[in-house]
Amino acid sequence: MAVSAPAGEGLDVLRRQDPQIADVLSGEARRQAETLQLIAAENFTSPAVLAALASPLANKYAEGYPGARHHGGCAYADAAERIAVERATALFGADHANLQPHSGSAAVLAAYAALLRPGDTVLAMGLDQGGHLTHGSPANFSGRWFDFVPYGTDPATGLIDYEQVAALARHHRPKAIVCGSISSPRHPDYALFRAIADEVGAYLIADAAHPIGLVAGGAAPNPVPYADVVCATTHKVLRGPRGGMLLCTAELADRIDRAVFPFTQGGAQMHTIAAKAVALGEASTPAFTGYAHRVVEHARVLAAALSAEGFALTTGGTDTHLITADPAPLGLDGRSARARLAAAGMVLDTCALPHGTGRGIRLGTAAVTTQGMGAPEMAGIAALFTVALRGEREATARARAEVRELTSGFPPYGG
Ligand SMILES: *Cc1c(COP(=O)(O)O)cnc(C)c1O
(Lines give C-alpha, C1' and ligand atoms only; values in the text may rest on other atoms or scores of the structure.)
Protein backbone atom coordinates (compact mmCIF):
# COMPACT_ATOMS: atom_id res chain seq x y z
CA MET A 1 0.00 0.00 0.00
CA ALA A 2 1.35 3.39 -1.00
CA VAL A 3 0.42 5.15 2.21
CA SER A 4 2.05 3.12 4.96
CA ALA A 5 5.02 5.47 5.49
CA PRO A 6 3.85 7.47 8.54
CA ALA A 7 4.30 5.47 11.73
CA GLY A 8 4.62 2.36 9.52
CA GLU A 9 6.08 0.09 12.23
CA GLY A 10 3.58 1.26 14.82
CA LEU A 11 0.75 0.44 12.44
CA ASP A 12 2.08 -3.13 12.03
CA VAL A 13 1.97 -3.58 15.82
CA LEU A 14 -1.54 -2.16 15.90
CA ARG A 15 -2.69 -4.41 13.07
CA ARG A 16 -1.64 -7.53 14.94
CA GLN A 17 -3.35 -6.44 18.16
CA ASP A 18 -6.42 -4.54 16.92
CA PRO A 19 -7.16 -5.11 13.24
CA GLN A 20 -10.48 -3.29 13.53
CA ILE A 21 -8.90 0.05 14.44
CA ALA A 22 -5.91 -0.62 12.15
CA ASP A 23 -8.38 -0.87 9.27
CA VAL A 24 -9.91 2.46 10.24
CA LEU A 25 -6.50 4.16 10.33
CA SER A 26 -5.29 2.70 7.06
CA GLY A 27 -8.62 3.58 5.49
CA GLU A 28 -8.15 7.18 6.57
CA ALA A 29 -4.55 7.20 5.30
CA ARG A 30 -5.84 5.96 1.94
CA ARG A 31 -8.66 8.54 1.91
CA GLN A 32 -6.14 11.33 2.52
CA ALA A 33 -3.89 10.02 -0.23
CA GLU A 34 -6.53 9.32 -2.88
CA THR A 35 -8.74 12.38 -2.54
CA LEU A 36 -7.85 16.09 -2.72
CA GLN A 37 -7.54 17.73 0.70
CA LEU A 38 -8.72 21.27 0.03
CA ILE A 39 -10.02 22.10 3.53
CA ALA A 40 -8.30 25.43 4.26
CA ALA A 41 -7.49 24.47 7.86
CA GLU A 42 -5.82 21.15 7.04
CA ASN A 43 -2.32 20.09 6.09
CA PHE A 44 -0.02 17.04 6.09
CA THR A 45 2.43 17.01 9.01
CA SER A 46 5.86 15.57 8.37
CA PRO A 47 6.72 11.98 9.37
CA ALA A 48 9.01 13.57 12.03
CA VAL A 49 6.03 15.36 13.60
CA LEU A 50 4.02 12.12 13.54
CA ALA A 51 6.95 10.31 15.17
CA ALA A 52 7.00 12.81 18.05
CA LEU A 53 3.24 12.38 18.48
CA ALA A 54 3.62 8.61 18.67
CA SER A 55 6.47 8.80 21.24
CA PRO A 56 6.34 7.72 24.92
CA LEU A 57 6.32 11.38 25.96
CA ALA A 58 2.56 10.84 25.50
CA ASN A 59 2.68 8.99 28.83
CA LYS A 60 4.10 11.87 30.85
CA TYR A 61 2.17 14.05 33.25
CA ALA A 62 3.68 17.53 33.44
CA GLU A 63 1.32 20.04 35.03
CA GLY A 64 2.96 23.44 35.35
CA TYR A 65 5.86 24.88 33.40
CA PRO A 66 9.53 23.91 32.87
CA GLY A 67 11.35 24.09 36.20
CA ALA A 68 8.08 24.42 38.15
CA ARG A 69 6.09 21.20 37.69
CA HIS A 70 3.60 19.51 39.97
CA HIS A 71 5.04 16.10 39.02
CA GLY A 72 8.41 14.38 39.23
CA GLY A 73 10.37 13.00 36.33
CA CYS A 74 9.90 16.04 34.10
CA ALA A 75 13.50 16.52 32.89
CA TYR A 76 12.70 15.55 29.29
CA ALA A 77 9.27 17.14 29.33
CA ASP A 78 10.94 20.37 30.46
CA ALA A 79 13.55 20.11 27.72
CA ALA A 80 10.87 19.56 25.05
CA GLU A 81 8.80 22.52 26.20
CA ARG A 82 11.81 24.85 26.57
CA ILE A 83 12.90 24.05 23.02
CA ALA A 84 9.37 24.60 21.69
CA VAL A 85 9.08 27.97 23.48
CA GLU A 86 12.54 29.12 22.32
CA ARG A 87 11.76 28.19 18.72
CA ALA A 88 8.39 29.96 18.79
CA THR A 89 9.72 33.20 20.31
CA ALA A 90 12.65 33.27 17.86
CA LEU A 91 10.52 32.46 14.81
CA PHE A 92 7.80 35.03 15.51
CA GLY A 93 9.87 37.66 17.34
CA ALA A 94 7.69 37.42 20.45
CA ASP A 95 8.76 38.17 24.02
CA HIS A 96 6.92 35.13 25.30
CA ALA A 97 5.25 31.97 23.98
CA ASN A 98 2.97 29.39 25.57
CA LEU A 99 2.78 26.10 23.65
CA GLN A 100 0.38 24.29 25.97
CA PRO A 101 -3.10 25.15 24.58
CA HIS A 102 -4.76 21.94 23.41
CA SER A 103 -6.32 23.71 20.41
CA GLY A 104 -6.84 27.08 18.77
CA SER A 105 -10.07 27.53 20.72
CA ALA A 106 -8.27 26.75 23.98
CA ALA A 107 -5.72 29.44 23.12
CA VAL A 108 -8.48 32.01 22.59
CA LEU A 109 -10.19 30.96 25.83
CA ALA A 110 -6.92 31.48 27.70
CA ALA A 111 -6.36 34.88 26.07
CA TYR A 112 -9.81 36.02 27.22
CA ALA A 113 -9.24 34.51 30.67
CA ALA A 114 -5.98 36.45 30.98
CA LEU A 115 -7.36 39.83 29.93
CA LEU A 116 -11.12 39.91 30.62
CA ARG A 117 -13.72 39.46 33.34
CA PRO A 118 -17.11 37.85 32.60
CA GLY A 119 -19.46 40.47 31.18
CA ASP A 120 -16.73 42.56 29.57
CA THR A 121 -17.38 44.01 26.12
CA VAL A 122 -15.34 42.64 23.20
CA LEU A 123 -15.35 43.81 19.59
CA ALA A 124 -14.84 41.00 17.04
CA MET A 125 -15.74 40.11 13.47
CA GLY A 126 -19.36 38.90 13.23
CA LEU A 127 -19.78 35.18 12.73
CA ASP A 128 -21.72 35.72 9.51
CA GLN A 129 -18.78 37.82 8.28
CA GLY A 130 -16.05 35.26 9.00
CA GLY A 131 -15.58 35.36 12.76
CA HIS A 132 -14.80 32.11 14.62
CA LEU A 133 -17.11 30.46 17.18
CA THR A 134 -14.81 31.83 19.89
CA HIS A 135 -15.54 35.36 18.66
CA GLY A 136 -18.93 35.55 20.34
CA SER A 137 -21.11 32.66 19.17
CA PRO A 138 -24.04 32.16 21.55
CA ALA A 139 -23.29 28.41 21.34
CA ASN A 140 -19.73 29.00 22.63
CA PHE A 141 -18.33 30.12 26.02
CA SER A 142 -17.34 33.39 24.38
CA GLY A 143 -20.89 34.48 23.55
CA ARG A 144 -22.18 33.23 26.90
CA TRP A 145 -19.63 34.92 29.15
CA PHE A 146 -18.78 38.12 27.31
CA ASP A 147 -20.69 40.89 25.62
CA PHE A 148 -19.58 40.68 21.98
CA VAL A 149 -20.16 43.50 19.54
CA PRO A 150 -19.73 42.35 15.92
CA TYR A 151 -18.04 44.32 13.16
CA GLY A 152 -18.33 43.50 9.49
CA THR A 153 -17.05 43.97 6.00
CA ASP A 154 -17.76 46.49 3.28
CA PRO A 155 -20.26 44.96 0.82
CA ALA A 156 -18.50 46.55 -2.16
CA THR A 157 -14.98 45.25 -1.40
CA GLY A 158 -15.50 42.37 1.05
CA LEU A 159 -12.77 43.97 3.19
CA ILE A 160 -13.09 44.91 6.87
CA ASP A 161 -14.98 48.17 7.32
CA TYR A 162 -12.44 49.98 9.51
CA GLU A 163 -14.61 53.06 9.86
CA GLN A 164 -17.28 50.86 11.38
CA VAL A 165 -14.69 49.19 13.67
CA ALA A 166 -13.52 52.61 14.90
CA ALA A 167 -17.06 53.91 15.36
CA LEU A 168 -18.13 50.79 17.30
CA ALA A 169 -14.98 51.00 19.43
CA ARG A 170 -15.65 54.65 20.33
CA HIS A 171 -19.27 53.90 21.15
CA HIS A 172 -18.88 50.64 23.12
CA ARG A 173 -15.41 51.19 24.68
CA PRO A 174 -14.57 47.44 24.53
CA LYS A 175 -12.04 45.89 26.88
CA ALA A 176 -10.56 43.99 23.93
CA ILE A 177 -10.71 44.02 20.14
CA VAL A 178 -10.23 40.73 18.28
CA CYS A 179 -8.95 40.57 14.71
CA GLY A 180 -8.71 37.38 12.69
CA SER A 181 -11.12 35.26 10.70
CA ILE A 182 -11.86 31.73 9.57
CA SER A 183 -12.63 32.65 5.99
CA SER A 184 -11.17 36.01 5.01
CA PRO A 185 -8.66 35.64 2.16
CA ARG A 186 -7.05 38.99 3.05
CA HIS A 187 -4.92 40.06 6.02
CA PRO A 188 -6.17 42.37 8.74
CA ASP A 189 -4.45 45.78 8.91
CA TYR A 190 -2.82 45.11 12.27
CA ALA A 191 -1.41 48.63 12.60
CA LEU A 192 -4.85 50.12 12.08
CA PHE A 193 -6.41 47.75 14.61
CA ARG A 194 -3.64 48.73 17.06
CA ALA A 195 -4.38 52.41 16.56
CA ILE A 196 -8.11 51.89 17.14
CA ALA A 197 -7.44 49.78 20.25
CA ASP A 198 -5.06 52.42 21.62
CA GLU A 199 -7.57 55.19 21.02
CA VAL A 200 -10.17 53.48 23.23
CA GLY A 201 -7.78 51.80 25.69
CA ALA A 202 -8.58 48.23 24.55
CA TYR A 203 -6.35 45.19 24.36
CA LEU A 204 -5.72 43.92 20.84
CA ILE A 205 -6.02 40.14 20.44
CA ALA A 206 -4.98 38.77 17.06
CA ASP A 207 -6.50 35.36 16.34
CA ALA A 208 -4.02 34.28 13.67
CA ALA A 209 -5.06 30.61 13.71
CA HIS A 210 -5.07 30.47 9.91
CA PRO A 211 -2.21 32.69 8.73
CA ILE A 212 0.39 31.96 11.44
CA GLY A 213 2.11 29.44 9.16
CA LEU A 214 2.34 32.06 6.42
CA VAL A 215 3.80 34.45 9.01
CA ALA A 216 6.41 31.81 9.88
CA GLY A 217 7.40 31.61 6.23
CA GLY A 218 7.50 35.38 5.73
CA ALA A 219 4.49 35.26 3.39
CA ALA A 220 2.12 37.27 5.61
CA PRO A 221 2.35 40.29 7.92
CA ASN A 222 3.30 39.43 11.50
CA PRO A 223 0.73 40.46 14.14
CA VAL A 224 3.23 40.07 17.00
CA PRO A 225 4.54 43.68 16.95
CA TYR A 226 0.97 45.02 17.14
CA ALA A 227 -1.13 42.68 19.27
CA ASP A 228 -1.00 42.29 23.03
CA VAL A 229 -1.73 38.60 22.57
CA VAL A 230 -1.58 36.47 19.41
CA CYS A 231 -3.64 33.25 19.42
CA ALA A 232 -2.76 30.57 16.90
CA THR A 233 -3.11 26.96 15.92
CA THR A 234 -0.14 24.76 15.08
CA HIS A 235 -1.91 22.43 12.62
CA LYS A 236 -3.09 24.70 9.81
CA VAL A 237 -0.56 26.21 7.35
CA LEU A 238 2.11 25.84 10.07
CA ARG A 239 1.91 22.07 9.42
CA GLY A 240 2.47 20.90 12.97
CA PRO A 241 0.41 18.68 15.27
CA ARG A 242 -3.19 19.56 16.17
CA GLY A 243 -2.93 22.19 18.90
CA GLY A 244 -2.77 25.82 19.94
CA MET A 245 -0.18 28.45 20.80
CA LEU A 246 -0.10 31.88 22.43
CA LEU A 247 2.42 34.65 21.80
CA CYS A 248 2.49 37.75 23.99
CA THR A 249 4.42 40.64 25.44
CA ALA A 250 6.74 40.13 28.42
CA GLU A 251 4.33 42.19 30.49
CA LEU A 252 1.49 39.69 29.96
CA ALA A 253 3.59 36.51 30.13
CA ASP A 254 2.63 35.50 33.70
CA ARG A 255 -1.04 36.23 33.17
CA ILE A 256 -1.12 34.22 29.95
CA ASP A 257 0.69 31.28 31.52
CA ARG A 258 -1.65 31.21 34.53
CA ALA A 259 -4.67 31.54 32.24
CA VAL A 260 -3.59 28.33 30.45
CA PHE A 261 -2.54 26.39 33.56
CA PRO A 262 -4.12 26.14 36.08
CA PHE A 263 -7.07 28.30 34.99
CA THR A 264 -8.35 26.61 31.82
CA GLN A 265 -6.25 23.46 31.39
CA GLY A 266 -4.67 20.65 33.38
CA GLY A 267 -1.64 18.63 32.34
CA ALA A 268 -0.08 19.64 29.06
CA GLN A 269 0.16 17.11 26.23
CA MET A 270 3.94 16.80 26.22
CA HIS A 271 4.16 14.59 23.12
CA THR A 272 2.21 17.25 21.24
CA ILE A 273 4.50 19.98 22.59
CA ALA A 274 7.50 17.97 21.36
CA ALA A 275 5.78 17.66 17.98
CA LYS A 276 5.12 21.42 18.00
CA ALA A 277 8.86 21.92 18.59
CA VAL A 278 9.62 19.70 15.57
CA ALA A 279 7.17 21.66 13.41
CA LEU A 280 8.58 25.01 14.59
CA GLY A 281 12.05 23.74 13.73
CA GLU A 282 10.85 22.85 10.24
CA ALA A 283 9.06 26.21 9.90
CA SER A 284 12.34 28.03 10.66
CA THR A 285 14.05 26.69 7.53
CA PRO A 286 14.43 28.32 4.10
CA ALA A 287 12.52 25.34 2.68
CA PHE A 288 9.48 26.37 4.70
CA THR A 289 9.81 29.98 3.53
CA GLY A 290 9.64 28.65 -0.02
CA TYR A 291 6.65 26.50 0.93
CA ALA A 292 4.69 29.39 2.46
CA HIS A 293 5.21 31.56 -0.61
CA ARG A 294 4.19 28.69 -2.92
CA VAL A 295 1.02 28.16 -0.87
CA VAL A 296 -0.02 31.77 -1.55
CA GLU A 297 1.02 31.64 -5.21
CA HIS A 298 -1.01 28.45 -5.68
CA ALA A 299 -4.05 29.97 -3.98
CA ARG A 300 -3.83 32.92 -6.37
CA VAL A 301 -3.60 30.62 -9.40
CA LEU A 302 -6.49 28.47 -8.16
CA ALA A 303 -8.58 31.56 -7.33
CA ALA A 304 -8.04 33.05 -10.78
CA ALA A 305 -8.94 29.74 -12.43
CA LEU A 306 -12.10 29.36 -10.31
CA SER A 307 -13.07 32.91 -11.20
CA ALA A 308 -12.63 32.04 -14.87
CA GLU A 309 -14.85 28.98 -14.33
CA GLY A 310 -17.59 31.31 -13.06
CA PHE A 311 -17.23 31.41 -9.26
CA ALA A 312 -17.69 34.79 -7.53
CA LEU A 313 -14.65 35.26 -5.27
CA THR A 314 -15.03 37.09 -1.97
CA THR A 315 -12.74 40.17 -2.18
CA GLY A 316 -12.01 39.23 -5.81
CA GLY A 317 -8.98 37.08 -4.99
CA THR A 318 -6.61 36.14 -2.18
CA ASP A 319 -3.42 37.16 -0.37
CA THR A 320 -3.32 33.97 1.67
CA HIS A 321 -3.73 30.20 1.39
CA LEU A 322 -7.49 30.60 1.54
CA ILE A 323 -10.21 31.15 -1.05
CA THR A 324 -13.85 31.95 -0.30
CA ALA A 325 -16.14 31.68 -3.30
CA ASP A 326 -19.83 31.85 -4.11
CA PRO A 327 -20.94 29.21 -6.63
CA ALA A 328 -24.28 31.00 -7.18
CA PRO A 329 -23.36 32.16 -10.74
CA LEU A 330 -23.10 28.43 -11.58
CA GLY A 331 -26.63 27.89 -10.28
CA LEU A 332 -25.50 26.15 -7.07
CA ASP A 333 -25.26 26.98 -3.38
CA GLY A 334 -22.30 26.06 -1.18
CA ARG A 335 -23.85 22.93 0.29
CA SER A 336 -24.72 21.28 -3.01
CA ALA A 337 -21.35 22.35 -4.46
CA ARG A 338 -19.55 20.73 -1.53
CA ALA A 339 -21.55 17.52 -1.94
CA ARG A 340 -20.91 17.28 -5.69
CA LEU A 341 -17.19 17.98 -5.24
CA ALA A 342 -16.98 15.41 -2.43
CA ALA A 343 -18.59 12.80 -4.70
CA ALA A 344 -15.68 13.40 -7.09
CA GLY A 345 -13.05 13.15 -4.32
CA MET A 346 -12.48 16.87 -3.72
CA VAL A 347 -12.89 17.69 -0.03
CA LEU A 348 -13.61 21.24 1.17
CA ASP A 349 -15.92 23.25 3.44
CA THR A 350 -18.89 25.51 3.04
CA CYS A 351 -18.82 28.89 4.78
CA ALA A 352 -20.99 31.88 5.53
CA LEU A 353 -20.88 34.52 2.81
CA PRO A 354 -20.68 38.03 4.24
CA HIS A 355 -22.97 39.51 1.63
CA GLY A 356 -24.28 36.63 -0.49
CA THR A 357 -27.63 34.97 -0.07
CA GLY A 358 -26.72 31.31 0.45
CA ARG A 359 -23.52 29.67 1.68
CA GLY A 360 -20.25 29.70 -0.18
CA ILE A 361 -17.32 27.33 -0.38
CA ARG A 362 -14.04 27.77 1.46
CA LEU A 363 -10.87 26.04 0.37
CA GLY A 364 -7.10 26.31 0.73
CA THR A 365 -3.84 25.23 -0.84
CA ALA A 366 -1.74 24.29 2.22
CA ALA A 367 -2.15 20.51 1.94
CA VAL A 368 -1.90 20.15 -1.85
CA THR A 369 1.25 22.32 -1.79
CA THR A 370 2.80 20.12 0.91
CA GLN A 371 2.15 17.18 -1.43
CA GLY A 372 4.28 18.90 -4.06
CA MET A 373 1.58 20.05 -6.43
CA GLY A 374 2.28 23.22 -8.40
CA ALA A 375 0.55 25.91 -10.46
CA PRO A 376 -0.38 23.56 -13.35
CA GLU A 377 -2.14 21.23 -10.92
CA MET A 378 -4.10 24.18 -9.46
CA ALA A 379 -5.44 25.05 -12.91
CA GLY A 380 -6.31 21.38 -13.39
CA ILE A 381 -8.20 21.28 -10.08
CA ALA A 382 -10.33 24.27 -11.13
CA ALA A 383 -11.23 22.48 -14.37
CA LEU A 384 -12.16 19.35 -12.38
CA PHE A 385 -14.47 21.49 -10.23
CA THR A 386 -16.45 22.45 -13.30
CA VAL A 387 -16.77 18.83 -14.43
CA ALA A 388 -17.81 17.60 -10.97
CA LEU A 389 -20.27 20.42 -10.36
CA ARG A 390 -22.41 19.27 -13.27
CA GLY A 391 -23.53 16.56 -10.89
CA GLU A 392 -24.09 14.04 -13.69
CA ARG A 393 -23.09 10.50 -12.91
CA GLU A 394 -20.72 10.10 -15.83
CA ALA A 395 -19.02 13.49 -15.26
CA THR A 396 -18.62 12.78 -11.55
CA ALA A 397 -17.04 9.39 -12.28
CA ARG A 398 -14.66 10.99 -14.78
CA ALA A 399 -13.64 13.71 -12.30
CA ARG A 400 -13.18 11.06 -9.56
CA ALA A 401 -10.90 9.06 -11.82
CA GLU A 402 -8.88 12.17 -12.67
CA VAL A 403 -8.53 13.06 -8.98
CA ARG A 404 -7.19 9.55 -8.34
CA GLU A 405 -4.75 9.91 -11.21
CA LEU A 406 -3.61 13.35 -10.00
CA THR A 407 -3.16 12.35 -6.34
CA SER A 408 -1.28 9.17 -7.27
CA GLY A 409 1.50 11.41 -8.59
CA PHE A 410 1.79 13.30 -5.27
CA PRO A 411 1.58 10.82 -2.37
CA PRO A 412 1.58 12.85 0.86
CA TYR A 413 3.92 10.43 2.63
CA GLY A 414 6.05 9.19 -0.24
CA GLY A 415 5.39 6.30 -2.61
C1 LIG B 1 -9.20 27.28 13.41
C2 LIG B 1 -9.51 28.51 14.17
C3 LIG B 1 -9.71 28.49 15.56
C4 LIG B 1 -9.84 27.23 16.38
O5 LIG B 1 -8.93 26.22 16.29
P6 LIG B 1 -9.30 24.77 16.86
O7 LIG B 1 -7.98 24.11 16.97
O8 LIG B 1 -10.24 24.14 15.89
O9 LIG B 1 -9.96 24.97 18.19
C10 LIG B 1 -9.90 29.70 16.20
N11 LIG B 1 -9.92 30.86 15.54
C12 LIG B 1 -9.76 30.93 14.21
C13 LIG B 1 -9.78 32.26 13.53
C14 LIG B 1 -9.56 29.76 13.47
O15 LIG B 1 -9.40 29.83 12.14
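Modeller: Helices (H or I, at least four residues) and strands (E, at least two) are DSSP runs, numbered from the N terminus. By that naming, leucine 133 lies in the loop between strand S5 (121–125) and helix H6 (141–145). This is a predicted model, in which local features need pLDDT of at least 70, side-chain atom pairs count only at pLDDT 80 or more, and totals for chains, interfaces and linings use all residues. Residues are numbered from 1 along each chain as its sequence is written, and side-chain values use heavy atoms, with hydrogens and water left out.

Biologist: Why is leucine 133 called partly exposed?

Modeller: Buried means under 20% relative accessible area, exposed means over 50%, and partly exposed is in between, with a 1.4 Å probe and protein chains only. Leucine 133 has 47%, so it is partly exposed.

Biologist: What makes Leu127 a contact of leucine 133?

Modeller: Contact means heavy atoms within 4.5 Å. Leucine 133 touches Leu127, Asn140 and Ser142, not counting residues up to four places away in sequence.

Biologist: Which residues does the UniProt "binding site" annotation cover?

Modeller: In the unreviewed UniProt entry, that annotation covers Leu127, Gly131, His132, Leu133 and Glu251. They spread over 125 residues of sequence and, in space, up to 30.8 Å between C-alpha atoms. UniProt positions are in the numbering used here, feature names are shortened, and annotations may be inferred rather than shown by experiment.

Biologist: Is glutamate 251 buried or exposed?

Modeller: Glutamate 251 is in the loop between strand S10 (244–248) and helix H10 (253–264). Its relative accessibility is 73%, over the 50% limit, so glutamate 251 counts as exposed.

Biologist: Why is lysine 236 called buried?

Modeller: The relative accessible area of lysine 236 is 12%, which is under 20%, so the word buried applies. Lysine 236 sits in the loop between strand S9 (229–233) and S10, and touches Ala41, Asn43, Ala209 and His210, leaving out residues up to four places away in sequence. The unreviewed UniProt entry lists Lys236 for "modified residue: N6-(pyridoxal phosphate)lysine".

Biologist: What makes glutamine 265 buried?

Modeller: Its value of 8% falls under 20%, so glutamine 265 is buried. Glutamine 265 is in the loop between H10 and helix H11 (270–283). Glutamine 100 is 165 residues from glutamine 265 in sequence, yet 8.6 Å away in space, C-alpha to C-alpha.

Biologist: What makes S14 and S15 a pair of strands?

Modeller: Two strands pair if DSSP finds at least two bridges between them. Strand S14 (residues 349–352) and strand S15 (residues 359–364) are joined by 4 bridges, so they pair, and they run antiparallel. Arginine 362 in S15 is the bridge partner of aspartate 349, and a hairpin of 6 residues joins S14 to S15.

Biologist: How many residues of each domain take part in the contact?

Modeller: The domain assignment, whose bounds come from an automatic or database source, gives domain 1 (56–283) and domain 2 (286–408). The contact takes 27 residues from domain 1 and 24 residues from domain 2.
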